[in-house]
Amino acid sequence: MNNREGSLEAPTRHPLDWKSPSFHDREDCFAELERVFDICHTCRRCVSLCNAFPTLFDLVDESATMEVDGVAKDDYGRVVDQCYLCDVCFMTKCPYVPPHEWNVDFPHLMLRAKAIQFKAGTPTKFRDKTLSATDRNGKLASIPIVVHAVNKMNRMPAARALMERGLGVHKSAWLPDFDSKTFRRTARKSADVPVRDGERSPGKVAIFSTCFVNYNEPGIGHDLASILAHNAIPYVLVAGEACCGMPKLELGDLDSVEKLKDKNIPTLAALAREGYAILAPIPSCALMFKQELPGMFPDDPEVQAVRDAMFDPFEYLLARRRDGLLREDFKVELGRVSYHVSCHLRVQNVGQKTREALALIPGTSINTVERCSGHAGTWGVKKEFHETALKIGRPVFRQMAEHPDGAPAWIASDCALAGHHIEQGMESLDNPAGPRLAHPITLLRIAYGLD
């Protein structure tokens with residue numbers, strides 16, 4: 001065996017063999033966990049990324065042997081529970097990922113362990129399934145007669161204390177409002193403009209609105225539609241859209257991921273075949289179609305077709321610019337902007353397209369923060385993890401406040417959930433007024449001077 005130190009090749013992601021009988025074999029999984037944990041223990045390069053690695057290293061250091069063989073197998077789950085599948089260790093840190101012979105894929109190993117835990121049943125299974133049912137929650141909570149009560153309860157300390165005891169949602173964690181005027185119901189129809197395909201960018205767009213934009217912050221979707229209209233790009237909304245499946249993936253509920261795939265992929269694949277660029281304004285949702293579903297269903301040509309047609313919005317807009325088809329008639333200066341690159345955007349390997357787009361706006365200076373905020377979807381609102389999520393995000397909160405040109409006027413993150421988590425974390429800093437929070441798509445709409 002060639003025990004070379006690390007690899008210089010780009011990471012290779014092997015398909016997730018989740019339908020193999022051995023995938024859910026607990027003993028086989030534990031053997032692989034021990035192998036990978038031993039590699040991680042001897043390296044420790046990822047100690048600052050999240051709490052999974054400090055948890056592992058503490059277990060090792062406190063064991064009788066001070067090696068992985070001294071850690072009880074029943075304690076492996078403590079490491080698994082701390083991983084929220086940000087994928088940063090695999091894509092940016094670990095020197096032993098494939099094609100290195102040690103073949104370390106820490107996030108997908110954690111996913112395998114989560115899938116085994118989920119099938120076995122966990123004490124928090126009801127809470128976890130409830131939080132991850134984003135479509136069901138959104139449809140119920142956005143009913144006009146219900147929405148005001150739900151939003152009010154989310155702000156009442158007494159109601160939040162009951163929610164913490166009964167559901168396991170931390171009483172201090174930020175929770176999103178719901179909006180009865182959902183994006184898919186109120187979106188403006190696209191103007192009838194000619195399709196102008198570019199070398200790098202299809203000339204028409206299908207908007208996969210995502211559960212969060214549709215039910216919680218439809219303004220992001222409206223802003224995206226306005227930007228497309230301003231650039232004479234015709235668009236449609238994806239019909240019959242369902243949750244992308246990321247919340248279920250993070251639980252290890254892979255059967256539910258497959259059911260959601262079966263709802264979304266036929267429609268999305270048809271749009272891909274018709275030459276649409278598919279835009280998802282939430283990075284986790286785009287990543288689901290770009291990476292996770294293609295890895296779970298590597299032999300499904302429709303899944304692969306959707307992968308090839310899926311864009312982050314700013315990835316698409318910068319491709320339009322390279323094709324000479326993006327308008328740069330900005331009317332409003334943004335001033336100082338602290339911009340956070342979310343993990344699920346970083347691991348798409350498209351570069352810092354959001355920062356590049358915002359930097360085009362005259363009178364705008366960007367402070368870019370590229371580190372995990374700690375929110376991680378539903379993970380950061382759970383009672384047992386919220387304080388850890390704030391701890392992980394603390395360096396981000398500080399860096400977002402420290403714009404080199406002075407106090408930032410705006411803070412922004414492509415992940416809307418991370419943006420609110422950062423805003424909450426920054427409230428603890430000595431900055432009582434604070435900057436305004438806006439999604440980067442909203443900032444671009446403001447810069448264009450669009451209503």
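1. E315 and K290 are both buried, and they form a salt bridge in this predicted model. The closest N and O atoms of the pair are 2.7 Å apart. E315 sits in helix α17 and K290 in helix α15 (residues 283–296), so to speak of distant parts of the chain, 25 residues apart.2. A second pair joins R13 and D105, with 2.6 Å between the closest N and O atoms. R13 belongs to the segment before α1 (26–43), whereas D105 is in the loop between α4 (88–93) and α5 (106–120); the two are 92 residues apart. D105 has a relative accessible area of 14% and counts as buried because the cut-off is under 20%. R13, at 21%, is partly exposed.

2. E302 and R273 form a salt bridge at 3.3 Å, N to O. This pair links helix α16 (residues 301–309), which holds E302, to helix α14 (residues 254–273), which holds R273, across 29 residues. E302 is partly exposed at 28% relative accessible area, and R273 is exposed at 56%.

3. The count of salt bridges comes to 28. R127, D128, K382 and E384 are linked in a network of them. R127 and D128 are also among the buried residues of helix α6 (residues 125–132), together with T130, L131 and S132. The buried residues of α6 pack against α7 (134–141), α9 (157–167) and α13 (246–251).

4. I207 has L279 of β3 as its bridge partner.

5. Another open sheet, also of four strands with parallel pairing, runs in the order β6-β5-β7-β8. Here β6 (364–369) and β8 (436–437) stand at the edges with a single partner strand each, so one side of each has no neighbour in the sheet. Strand β5 (residues 335–340) runs parallel to β6, and six bridges join the two. G335 has T364 of β6 as its bridge partner. Helix α21 (residues 416–426) packs on this sheet and touches β5, β7 (410–413) and β8, its direction making about 140° with that of β7.

6. Helix α22 (residues 440–448) lies across β5 and β7, at about 130° to β7. How many of the nine residues of α22 are buried? Eight are, so the helix is largely enclosed by the rest of the structure. The buried residues are P440, I441, T442, L443, L444, R445, A447 and Y448. Their cover includes α12 (218–230), α17, β5, α19 (353–359) and β7. Just after α22, G449 takes a positive phi of about 75°.

7. I145 lies in helix α8 (residues 144–153) and is exposed, with a relative accessible area of 76%.

Notes. Residues numbered from 1 in each chain as written. Predicted model: local features only at pLDDT ≥ 70, side-chain atom pairs only at ≥ 80, totals over all residues. Heavy atoms only, no water. Pairing = 2+ DSSP bridges. Contact = heavy atoms within 4.5 Å. Axes fitted to C-alpha atoms, helices over the stretch in contact; angles between N-to-C directions. Buried < 20%, exposed > 50% of the residue type's maximum accessible area, 1.4 Å probe, protein only. Salt bridge = Lys/Arg side-chain N within 4 Å of Asp/Glu carboxyl O.
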